[in-house]
Amino acid sequence: MSAPTTGVRSPRATGAHRPRTANTLLGLLAWLCAIVFFLPIAWMALTSFHSETDAATNPPSLGAPLTLDGYREFFGVGGGASPWPALANSVTASVVSTLLVLLLALPAAYALSIRPVRKWTDVLFFFLSTKMLPIVAGLLPVYLFAKQTGLLDNVWLLVILYASMNLPIAVWMMQSFLREIPVALIEAAKVDGARLPTIMARVVAPISAPGIAATALICFIFSWNELLFARVLTGVVAETAPVFLTGFITSQGLFLAKVCAASLVISLPVLAAGFAAQDKLVQGLSLGAVK
Amino acid sequence: MSTAATTSTAPRDRRTVPAAGRPGGPSDRLRAWAARGPLLPALVFLILVTQLPFVATLVISLFKWNAYYPKERSFTWFANYQEVLSEPALRDSVLTTVLLTVTVVLVSLVLGLGLALLLDRTFAGRGIVRTMLIAPFLVVPIAAALLWKHVLYNPEYGLFNGLLHWVFGDGAAQPDWIAEMPLGAVEAALVWQWTPFMMLILLAGLQSRPADAIEAARIDGAGAWQIFRYLTLPHLRRYLELGALLGSVYVVQNFDAVYTITSGGLGTANLPYTIYQTFYQGHEYGRASAAGVLVVIGSLIIATFALRVVSSLFREESAA
């Protein structure tokens, strides 16, 4: 952002002296790779619009008539389990846990970057190190606790767990975004008599809005994708979309169109969010270390 | 750690509250707490939800405890660890985890580097190519696993065999991919998902490369390979490390692909899957916990390396 020229500068610098044909060939190679990587997704999309019999032909049928049957089947229109409750649970678990993470991470990031507490690097490392603890290592006690307290099959338990799963990353990302706020701006607000809540709302939040959005996006994606906790801790009532999808694992391919429709629908929020914020995604996934 | 802390706080002293340096009267201590205050909710929450369960896992791992036989629960010191390390199935899953993680991270890192280099140039439709390449990373992991299992690998009407049939006609080989190369099947699906991630990070690294140094090298007569070897690669080092590190942290924990594609069969059960099975289906709480602790020890080894990488990133950032 700070140097709008970088995106243009480096390709021109590397490309200018190269023979034109080599450049064209490398461009074609890039296209070829993109097609290879994208083919499974394109094929999944096409299959989702085929009838089950057309979906299951060998060699594949490209020109078969399109139909919405796969989607109708998935949404339980012709009987069968409806995915709506699972989708609603996923929305609750992802959105609420993301909000909770932001609520906890923003003040923490402020304390770590704008007016750093002593030993702030150590604190930051502690946050990050909890991310290195594999989820499976704490799964059993959480399960036993949930069983004892009757929280099994309760979507709010997932909200708490997903928040703890994403909090370290969020703190790390946000402190690196907040670090970019000019100190002078905050000092000036203080001189004008603004107190912490006002500074947060009027100065910090507006400037770091894109960073906060990127953090929220990544927390949302990780929560939406999570399977292990959801698989073990939920049942009928609180199952999430990924758990709903596990129902397709053993289907012997008889419902290929339905599987494809289901996979696409459930991936759609993440695909849309990811495409819309590609650059932010890079910055966030590299934990703000890449600028 | 302590040297990192001192060197990196130094340039930031201008931001520190004045009280920080002076030893303290009560008002100083109050101010120090006020500075720490905003940190506490996140810290307390994290300790309660992540550290406490892990401590419980540690304790359970010292018990012989099967949920089917609750009365036989007893304290057995390290018997579970001994069992975990001596049981072939569990030992194999340790090996599988290492193999899976190393293969997936290395292959996707190399492919990601190639793609990043291809994309770090101008050509027609670059934006579309980039979007298409990112897509695999944005498919929900279990959906991706289902896609590979049913839509691509299926021996009768999967896309792979369909393409073989198409190209080579009716006599084409129609392998049963998952049965013939189970671990390879899981790895391929994961490489497909993780290559875009590596590409994204490395592309960001390439675009932050100082253009003037490259220009100067070129004027001095350096070839494309020399520029790559002596300028690009050293510059990319920390991005490669970051990609490897984050990739490892996530691939070590992979559950979705193993659970979906092979259900842990045919020698593909990694530790997360084995632990899931030991406690969720076998109800062997003690043994599952011991295996969980072993995963943590393995991760800690990665993490020590990881944190060193991160702290070096940090120092550069603070120095800048």
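1. Chain B exposes about 14,400 Å² of surface, and carbon and sulfur atoms supply 67% of that area; accessible areas here come from the Shrake-Rupley method with a 1.4 Å probe, and for residues only the protein chains shown count as cover. For chain A, the accessible surface comes to about 12,000 Å², with 69% of it belonging to carbon and sulfur atoms.

2. A word on conventions is needed before going further. This is a predicted model, in which local features need pLDDT of at least 70 and side-chain atom pairs count only at pLDDT 80 or more, while totals for chains, interfaces and linings use all residues. Residues are numbered from 1 along each chain as its sequence is written, chains are lettered from A and ligands numbered from 1 in the order in which they are written, and side-chain values use heavy atoms, with hydrogens and water left out.

3. Chain A contains 15 helices and zero strands, whereas chain B has 15 helices and two strands; helices (H or I, at least four residues) and strands (E, at least two) are DSSP runs, numbered from the N terminus. The C-alpha trace of chain A spans about 70 × 70 × 35 Å along its principal axes.

4. Of the 291 residues in chain A, 58% are buried, and of the 320 residues in chain B, 53% are buried, where buried means under 20% relative accessible area, exposed means over 50%, and partly exposed lies in between (1.4 Å probe, protein chains only). A contact means heavy atoms within 4.5 Å. Among the contacts in chain A between residues at least 6 apart in sequence, 74% join residues at least 24 apart, and in chain B residues 24 or more positions apart account for 68% of the contacts with a separation of 6 or more.

5. Helix 2 of chain A (residues 20–48) packs against helix 7 of chain B (residues 141–152) at an angle of about 70°, with their axes 11 Å apart. That angle makes the two helices roughly perpendicular. Axes are lines fitted to C-alpha atoms, for helices over the stretch in contact, and angles run from 0 to 180 degrees between N-to-C directions; those under 35 degrees count as roughly parallel, over 145 as roughly antiparallel, 65 to 115 as roughly perpendicular and the rest as oblique. The crossing of helix 2 of chain A and helix 7 of chain B is left-handed, a term used if the near helix is turned anticlockwise from the far one by less than a right angle, with clockwise giving right-handed.

6. Which residues make the contact between helix 2 of chain A and helix 7 of chain B? On the side of chain A they are A:Pro40, A:Trp43, A:Met44 and A:Thr47, and on the side of chain B they are B:Leu147, B:Val151 and B:Leu152.

7. Two loop residues of chain B deserve a check of their backbone angles. Most residues other than glycine have a negative phi. B:His283, although not a glycine, has a positive phi of about 55°; this residue lies in the loop between helix 14 (271–280) and helix 15 (285–319) of chain B and is buried, with a relative accessible area of 16%. Leaving aside neighbours within four places in sequence, B:His283 is in contact with B:Trp65, B:Asn66, B:Ala67, B:Tyr68 and B:Thr278. B:Ser263, also not a glycine, has a positive phi of about 50°, is found in the loop between helix 13 (256–262) and helix 14 of chain B, and is partly exposed at 36% relative accessible area.
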